[in-house]
Amino acid sequence: MATSFSNPFHLTAAGELGNHRESMLYNELLLRNELGRPKNRAYTQVPKDGSFVFGRPNEERFGGADDALHGWPRNLSTTTLPFKSKDKKSERDFMALNRAAVQTGLVTANENYEFRATHDVRRKTAGDEKTRTRTRRIPPSMVFGISTRPSTPIFDLLEHKYQDKWLQDRRKLEVSKRHEETKKRQHLKELRLRRNPNCVYETRASLLRTYQNPVDDAPLWQLPRFKDKAKPSLQTFRTGGARRSAYGNFQSDQIARQGELGHGVYEPACN
């Protein structure tokens with residue numbers, strides 16, 4: 001049979017003996033675990049009269065989705081709207097403080113420090129300034145937004161109109177280039193036809209007079225003993241006539257073969 005303890009301090013560090021204080025029942029460092037039960041976190045119990053409510057309180061706000069869609073009423077303050085406007089705290093105007101301190105005759109750092117501690121000047125915020133609203137007169141025929149992009153000409157694409165236009169432009173360009181080239185040629189021809197009296201032109205007789213007969217190049221230098229006495233060590237032809245006839249046949253056969261030296265395959269006959 002489980003034993004029930006009436007003393008609430010039996011689960012504390014002091015136990016039933018010693019000094020008992022009310023704060024011991026709410027200090028987790030002094031509380032001990034009870035056998036077979038979860039640890040008590042030393043929180044106060046919720047009153048049973050129903051006065052305690054869990055969660056965050058619902059702030060009463062005027063205006064719902066319907067009012068938001070139709071426009072917020074003007075008599076509502078900024079605190080009753082779903083969003084709160086952040087009040088900008090105005091900063092201290094140190095330039096005005098320094099100006100006032102100089103006017104009163106305070107120049108040293110300690111005097112300025114004491115003056116700032118006893119006096120305060122704030123800078124004006126954007127809302128406090130009395131700005132004059134300038135309304136711009138917009139003409140009634142003015143349209144806002146981006147202009148609509150013109151539709152793509154599908155029929156021109158299907159008919160290859162742009163391709164034909166490009167080809168025509170290329171033809172015109174080529175014709176203009178040819179026309180310029182013909183003009184240049186005519187101009188050069190006219191310049192050539194004009195004879196300059198100070199210039200002497202060559203005639204056929206003058207060209208023939210300065211003609212030189214071609215001369216064979218001098219042979220390469222060789223040692224005298226190899227010039228006349230040196231002979232080939234291998235003779236593949238038995239006689240000189242056989243050698244000449246073989247080279248003649250080779251030269252005649254070069255006509256029907258391909259290649260620069262006439263060693264290639266035979267070319268087909270062309271009718």
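## Close-up views of a predicted model

View 1. Let us start with aspartate 253, which counts as partly exposed at 28% relative accessibility. This is a predicted model, so please read each view with that in mind. The side chain of aspartate 253 meets that of arginine 257 in a salt bridge, with 2.9 Å from N to O. Arginine 257 is also partly exposed, with a relative accessibility of 24%.

**View 2. A network of Arg92, Asp120 and Arg122.** Here, salt bridges with shared partners join these three residues into one network. Aspartate 120 pairs with arginine 92, and their closest N and O atoms are 3.2 Å apart. Aspartate 120 sits in the loop between α3 and α4, while arginine 92 sits in the loop between α1 (65–70) and α2 (94–104), so this bridge ties together parts that are 28 residues apart in sequence. Aspartate 120 also forms a salt bridge with arginine 122, at 3.2 Å from N to O. How accessible is aspartate 120? Its relative accessible area is 47%, so aspartate 120 is partly exposed. Arginine 92 is partly exposed at 26%, and arginine 122 is partly exposed at 44%. Across the model, the count comes to 5 salt bridges.

**View 3. An aromatic pair.** The model has 1 aromatic pair by the rule used here. It is formed by phenylalanine 237 and tyrosine 247, whose ring centres are 6.4 Å apart and whose planes meet at 45°, so the pair is tilted. Phenylalanine 237 belongs to the loop between α7 (224–227) and α8 (240–253), and tyrosine 247 belongs to helix α8, 10 residues apart. Phenylalanine 237 is partly exposed, with a relative accessible area of 29%. Tyrosine 247 is partly exposed too, at 42%.

View 4. Ile154, Leu157, Leu158 and Tyr162 make a nonpolar surface patch of about 430 Å². Which helix gives the most to this patch? Helix α4 (residues 154–158) does, with 3 residues. Leucine 157 has its place in helix α4, and its relative accessible area of 44% makes leucine 157 partly exposed.

View 5. Our last stop is helix α3 (residues 109–118), where asparagine 112 is found. Is asparagine 112 buried or exposed? Asparagine 112 counts as buried because its relative accessibility is 15%, under the 20% cut-off. Leaving aside neighbours within four places in sequence, asparagine 112 is in contact with Asn98, Ala101, Leu106 and Val107.

Key
Residues are numbered from 1 along each chain as its sequence is written. This is a predicted model: local features need pLDDT of at least 70, side-chain atom pairs count only at pLDDT 80 or more; totals for chains, interfaces and linings use all residues. Side-chain values use heavy atoms; hydrogens and water are left out. Patches are made of residues with over 30% relative accessible area and no salt bridge: like charges are joined within 9 Å, nonpolar side chains (Val, Leu, Ile, Met, Phe, Trp, Tyr) within 5 Å. Accessible areas come from the Shrake-Rupley method with a 1.4 Å probe; for residues, only the protein chains shown count as cover. A salt bridge is a side-chain nitrogen of Lys or Arg within 4 Å of a carboxyl oxygen of Asp or Glu. Helices (H or I, at least four residues) and strands (E, at least two) are DSSP runs, numbered from the N terminus. Buried means under 20% relative accessible area, exposed over 50%, partly exposed in between (1.4 Å probe, protein chains only). Contact means heavy atoms within 4.5 Å. Rings of Phe, Tyr and Trp (its six-membered ring) pair if their centres lie within 6.5 Å; planes under 30 degrees apart count as stacked, over 60 as edge-to-face and the rest as tilted.
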